[in-house]
Every structure is written in structure tokens, then in C-alpha cells.
Amino acid sequence: MARPYYVTTPIYYVNDRPHIGHAYSTVAADVVSRYQRLRGNPTYFLTGLDEHGLKIERRAREEQLAPQDFVDRMAAPFRSAWEELDCAHDGFIRTTSAEHRQSVQAIWKMMKDRGDIYLDDYEDWYCVGCESFKTVKELLEGNLCAIHRTPVERIKERSYFFRLSNYTKPLLNHYEAHPDFVQPDARFNEVKSFVKEGLRDLSISRTSFRWGVPVLDDEEHVVYVWLDALTNYVSALGGPAPEGEAPLYDEFWTSAQTITHIVGKDILRFHAVYWPAFLLSAGVRVPSQIWAHGWLTVNGEKMSKSLGNFLPPGPLVEAFGADVLRYYLMREVGFGQDGDFSHRNLMARYNGELANGLGNLMNRIVASIVKRNLDGRVPSAGLDDLEDADRDLIDTAKAAAHEAAQHLEALAFHRALDTTWELVSAANKYVDSTEPWRLAKQGAKQRLEQVCYTVLETLRWLSIMLFPVMPNKCNELRGQIGMPPLLPTEGVDLWPSAWGGLRPGIETRAATPLFPRFDEAQERSILERLAVDSPGSDAK
RNA sequence: GGCGAUGUAGCUCAGGUGGUUAGAGCGGGCGUUUCAUACGCGCUAGGUCGGUGGUUCGAGUCCACCCAUCGCCA
């Protein structure tokens with residue numbers, strides 16, 4: 001049974017350069033998509049760029065480029081960032097593409113045909129510095145902009161409006177019918193209380209700039225950036241379109257089992273309120289879930305333009321490798337909560353969990369015991385001769401795989417990894433308690449084979465369970481235990497559930513440690529190379 | 001100002017519907033093995049569970065108020 005899964009990141013504003021926050025969203029979406037593919041589900045992973053707006057128009061002019069040339073140039077670093085991080089998206093949507101523009105106009109028409117769009121005068125206070133309207137309550141005394149502290153002007157602009165006010169009730173109904181529509185729950189509460197206050201009609205066109213999607217039949221207006229941007233999720237699939245005209249849209253939107261939008265908490269309202277309202281109006285299916293993750297600080301400090309501490313992912317990938325960075329991002333902070341990206345923490349987890357835990361587990365068995373005593377081959381082991389210790393580890397593996405899967409379904413990446421490490425830890429304890437090196441000396445061949453097989457099979461399970469987060473390292477691990485790389489296949493569920501998939505007789509290929517430990521000198525030089533202040537070295 | 005959270009060991013956090021000595025990981029301390037990436041394993045942390053007052057035979061776990069931090073809306 002095909003259960004199409006569609007996962008998206010926000011489209012990033014192309015005016016920025018990719019930083020660790022973008023990477024966080026994108027890696028999370030990639031992990032989701034890799035997990036779904038492992039389970040055999042048809043999966044589509046979309047990311048992309050928001051390339052319209054006044055800011056882009058201006059920047060392009062400053063750089064004396066046509067806006068399109070400017071965004072073309074700015075798009076490149078995003079593409080390469082996702083490649084470096086092994087984020088294997090299926091689609092990369094750019095809002096300046098012709099298909100996207102058509103989709104925006106198509107949605108506009110559907111909303112208009114519904115009678116939800118009208119032209120009216122919009123009059124309010126306007127701050128020239130902000131380039132935006134302000135409500136009275138946002139102003140300081142004396143009609144000053146709270147940000148610029150300059151007087152605001154009374155401006156009247158003709159604009160198209162969307163009858164958002166008509167959707168207060170339908171949205172509340174939708175929320176009630178879909179208690180998981182927004183995650184985490186606390187964020188959902190915010191959304192609900194915002195909507196309960198009652199929604200006002202939304203201005204959805206601008207005449208103050210040109211760099212956008214022209215409004216259908218009224219080219220003086222450009223479509224409001226958020227209506228434009230949100231539409232990317234369907235335009236990338238060729239929608240909205242009548243059935244049969246856009247196969248991707250049929251599969252991954254209209255009849256998708258699950259549609260998950262991963263977003264930062266700052267843009268939750270647009271996704272949880274405006275977007276479903278637009279879709280309800282257009283008569284288009286609403287996504288299953290909006291997942292709002294938290295913000296990352298960097299070494300305890302907020303990333304900001306003024307501090308100039310935007311952390312690009314590139315140098316981190318160079319220093320640690322994509323898999324390790326992905327692991328750290330998914331492991332360190334609970335998805336949905338704010339957290340801190342700390343170089344020191346990353347290295348501590350690397351040494352403690354990856355090197356000492358998983359890496360050493362593989363190494364002590366594969367490169368040492370199996371290689372020296374079993375001719376480097378996977379031994380045969382009968383399920384009939386299992387001892388209690390073996391059964392315990394197998395049970396632990398089964399429980400961990402089951403739990404980790406549940407956590408991954410729920411995008412609780414940190415919990416999934418936590419659970420997985422319980423298995424790593426149990427396996428290390430198992431090796432200690434069964435003492436295979438002693439079995440070898442004693443010539444207890446059969447028992448030795450059983451023990452080694454049990455650990456190797458555990459490693460095989462781990463190579464699958466960790467694959468969504470660390471695809472390359474997992475394939476390396478598989479290589480060392482004699483397994484081929486994982487090849488997710490539609491319709492085939494590869495998630496481990498039955499013990500004994502590792503075939504006896506195959507040759508293991510011991511190689512260098514998976515995660516070579518950093519010594520202090522290396523840590524220092526990495527920190528230096530990345531130009532990280534080291535206030536943490538409180539030695540003297 | 002309105003609404004909603006959060007406040008548990010040095011750090012990061014778990015602790016459905018109240019019930020014997022409040023948990024985990026990391027860090028710290030002690031011990032131990034030697035197969036392994038000086039890795040692993042075992043033991044250890046005596047923390048007024050933000051504060052006060054209640055309900056109850058019994059409360060991190062329910063109620064009230066207070067303090068602090070944060071988020072959303074204004």
C-alpha cells in the first residue's frame with residue numbers, strides 16, 4: 001500500500017546566505033524524507049528559495065544587476081550547502097520560475113472565483129523606513145514608528161483583499177478536527193488563541209514594487225509576498241491542477257498520506273493560519289501538519305546581523321563532515337525547542353557518543369575479535385543456542401528499533417537518537433559481560449561465534465536505524481561488517497524488525513575507525529580554524 | 001495589559017490519570033578490565049523537585065496566591 005509522504009522546508013529568502021539555522025530545518029526535513037524512504041513510502045522532499053520582494057529589487061539595483069540575475073547568483077550557495085550536507089531534496093523550487101508564477105495566479109483565480117478577493121482602499125499609518133503599514137497600537141506616542149522613531153505618514157493605498165475574516169470559524173473547526181495540525185502543542189495554543197480573537201481581512205497585493213507575481217488581470221498590482229511564497233508547496237508539484245494533469249501534485253498533495261511543513265517558529269502564523277485559509281478558499285486540500293522548530297543560538301549568543309556571528313554550515317562540514325554535523329543538530333536539542341549550537345558540545349558528543357560509543361563498539365568487534373579469531377568472516381549462529389545475555393540484547397534491539405521508529409514518525413529526532421544510543425550502550429555492556437576475547441583464548445568457538453554474530457547483527461540494525469541521520473557513516477559501517485550500502489526502495493520496508501538478517505560466511509572488511517577520536521590538540525586546532533572564542537577553557 | 005507555557009542534581013533534561021528510599025545522560029570522584037579509538041564496564045552525586053499556603057491518610061504530580069524566565073497577541 002503506497003503511502004505518499006511530502007515533506008518541505010520553508011523557502012529561504014534568497015537575500016540571505018545559508019547559515020546554521022537554514023541547515024537545521026533542511027537537515028530535519030532530509031532526515032524525515034530518508035526515514036520515510038527507508039520504510040518504503042513514496043516520498044517527496046522539497047526545499048527552495050523565496051526570490052521576490054522589495055528588498056531583492058533594491059539589492060539588485062544596488063549591485064547594478066537585473067533582479068533575475070541577482071537571485072540567480074544568490075541561489076547558488078544554497079544549492080551547494082544542501083549538497084554538502086547531503087540533503088537529498090527531490091525538488092528545489094524558486095519563486096521566480098515560470099511554473100510557480102502560473103500556480104500563484106491559478107490559486108488567486110480559485111480564491112477569486114470563490115468570491116474571497118475584493119479590491120479596496122487600505123488606509124493606515126505607514127513607516128517609510130520599514131516600508132510597511134503600522135496599526136495605531138504599534139506606534140509610540142506622537143505617531144512615531146517604534147523601530148525608527150520617526151513620524152509615520154497616513155497613507156491610502158488601493159489593494160486587493162482576501163476575506164480572511166470569513167475563515168475564522170472554518171479554521172477553528174479544522175484545528176479541532178486535527179489536534180496534531182500544529183506541533184509542538186504549545187505553539188498550537190498560540191495559533192488557536194490568535195485565531196479565536198477573530199481574523200481581519202488580509203491585504204494580498206502591493207503596488208509599491210514590481211518584483212513579484214503580477215496580479216491576474218491587474219498588472220499594476222503584485223501578489224503579496226506570503227501568498228506568493230506559500231504557494232511554492234503546491235507549485236513545485238505542478239499544482240494546483242485538475243486531476244491527471246500534474247502527476248506529482250496528485251500523488252504528493254491531493255492524495256498524500258502525510259504532508260508535513262517544517263518551519264521556524266517565526267513563520268508559524270503564515271503557515272498555520274493564512275496558508276490553510278488560502279487553501280480552504282481555493283478548495284484545495286490542507287496539509288497534515290505544520291511543525292514549528294525552535295531557534296539555535298551559537299555558543300550561547302543569538303545569531304544576528306549586528307553581531308556578525310551568522311554561522312555558515314560550510315566550514316563546519318569541512319571540519320567535522322556532514323554526518324557528524326547532522327548528528328549533532330538532531331541530537332543536541334529537542335525538535336521544537338530552542339537550543340544552542342556549541343562547538344565544544346559538538347566535539348564532546350562526538351568523542352563521547354560517536355567515537356567512544358558507536359565507533360569503538362564496531363572497532364573492538366570487527367577490527368579485532370572477528371578479524372583475529374574468526375578469519376574476518378561473519379560466523380554462523382543458531383537461534384536455538386541463545387543464552388540469556390544474547391536474548392536480552394536482541395530484545396533491547398527490537399524495542400529500540402520500534403521506539404526509534406515511533407520517535408522518527410513524530411519528528412522527535414533527539415529522542416530517536418537517545419533510544420538508539422541505549423542500544424549502543426547495551427551492546428557495549430554485552431561485549432563486556434560475554435568477554436569474547438576470553439572465549440577465543442579458551443577455544444570456546446561456538447560461543448564466540450554466537451557472541452560475535454549477535455554484536456554484528458546489532459551493528460547491522462544500527463546501520464539502518466541511524467541511516468536517516470548519518471547516511472554516509474552508516475554505509476561505511478555496513479561496508480565494514482560486509483553489508484552493501486542501503487538502497488531504499490519504494491514498496492520495501494527496510495526498517496529492522498526480524499533478527500538474523502546478517503548472512504553467515506560473508507567477509508567483514510575492517511578499516512579505519514568510523515569516528516576517530518579528537519584529542520585535545522585537534523580540538524584546539526579545530527576551534528582555532530573555525531575562529532571560535534574559547535572562554536570555556538577555564539584552566540587558568 | 002490579555003492568553004499560554006516554563007522553573008526538578010554543576011550542565012541538559014525525563015518524571016500518563018497523586019502513593020514505598022525523586023530518575024537519565026554528560027561533567028566530577030572512586031574502582032576495574034585489556035578485545036578496542038587511553039576506548040569499555042561498575043560504583044558514586046545525598047537535589048528544601050522556584051516560594052508560600054491549602055486539599056488529602058499521602059503531592060514535583062491537584063488548588064490558590066506570589067516570584068522569576070520565556071513565548072504569542074496587543
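This report describes the fold of chain A, its sheets, and selected local features.

The structure is a predicted model, in which local features need pLDDT of at least 70 and side-chain atom pairs count only at pLDDT 80 or more, while totals for chains, interfaces and linings use all residues. Residues are numbered from 1 along each chain as its sequence is written, chains are lettered from A and ligands numbered from 1 in the order in which they are written, and side-chain values use heavy atoms, with hydrogens and water left out.

## Overall form

Chain A contains 19 helices and 15 strands. These elements are DSSP runs numbered from the N terminus, helices being H or I with at least four residues and strands being E with at least two. The radius of gyration of chain A is 27 Å, close to the 24 Å given by the globule rule for 540 residues, so the chain is as compact as a globular protein of that length. That radius is taken over C-alpha atoms, and the globule rule is 2.2 Å times the number of residues to the power 0.38. Along the principal axes, the C-alpha atoms fill a box of roughly 90 × 60 × 40 Å.

Of the 540 residues in chain A, 55% are buried. Buried means under 20% relative accessible area, exposed means over 50%, and partly exposed lies in between (1.4 Å probe, protein chains only). The accessible surface of the chain comes to about 24,000 Å², and carbon and sulfur atoms account for 47% of it. Accessible areas come from the Shrake-Rupley method with a 1.4 Å probe; for residues, only the protein chains shown count as cover. Among contacts in chain A with a separation of 6 or more, 77% are between residues 24 or more positions apart. A contact means heavy atoms within 4.5 Å.

## Two sheets

Strands of a sheet pair through backbone hydrogen bonds, either parallel or antiparallel. Here, two strands are taken to pair if DSSP finds at least two bridges between them.

Tyr 5 stands opposite Thr 258 in E12.

Another open sheet has three strands in the order E9-E11-E10, with antiparallel pairing. Its edge strands are E9 (205-206) and E10 (214-215), each of which pairs on one side only. Two bridges join E9 to strand E11 (residues 218-223), and Ser 205 stands opposite Val 223 in E11.

## Backbone features in loops

| Residue | Backbone feature | Location |
|---|---|---|
| Pro 184 | cis bond with Gln 183, omega about -5 degrees | loop between E7 (182-183) and H6 (185-196) |
| Pro 240 | cis bond with Gly 239, omega about -5 degrees | loop between H8 (232-235) and H9 (247-254) |
| Asn 299 | positive phi of about 50 degrees | loop between E14 (296-298) and H11 (313-320) |

Asn 299 is partly exposed, with a relative accessible area of 35%. Glu 435 also counts as partly exposed, at 24% relative accessibility.

Arg 79 lies in helix H3 (residues 67-84) and is partly exposed, with a relative accessible area of 40%. Leaving aside residues up to four places away in sequence, Arg 79 touches Phe 92 and Arg 94. Arg 79 and Tyr 13 are 66 residues apart in sequence, and their C-alpha atoms are 13 Å apart in space.

At the start of helix H19 (residues 520-529), a side-chain oxygen of Asp 519 reaches to within 3.1 Å of the backbone nitrogen of Ala 521. Just after H19, Ala 531 takes a positive phi of about 55 degrees.

## Cysteines

The structure holds zero disulfides, a disulfide being a pair of cysteine sulfur atoms within 2.5 Å. For Cys 87, the nearest cysteine sulfur belongs to Cys 474 and is 15 Å away. Cys 87 is buried, with a relative accessible area of 5%. Cys 452 is buried, with a relative accessible area of 0%.

Technical notes. Polar contact = N/O pair within 3.5 Å; in protein donor to acceptor, adjacent residues only side chain to side chain.
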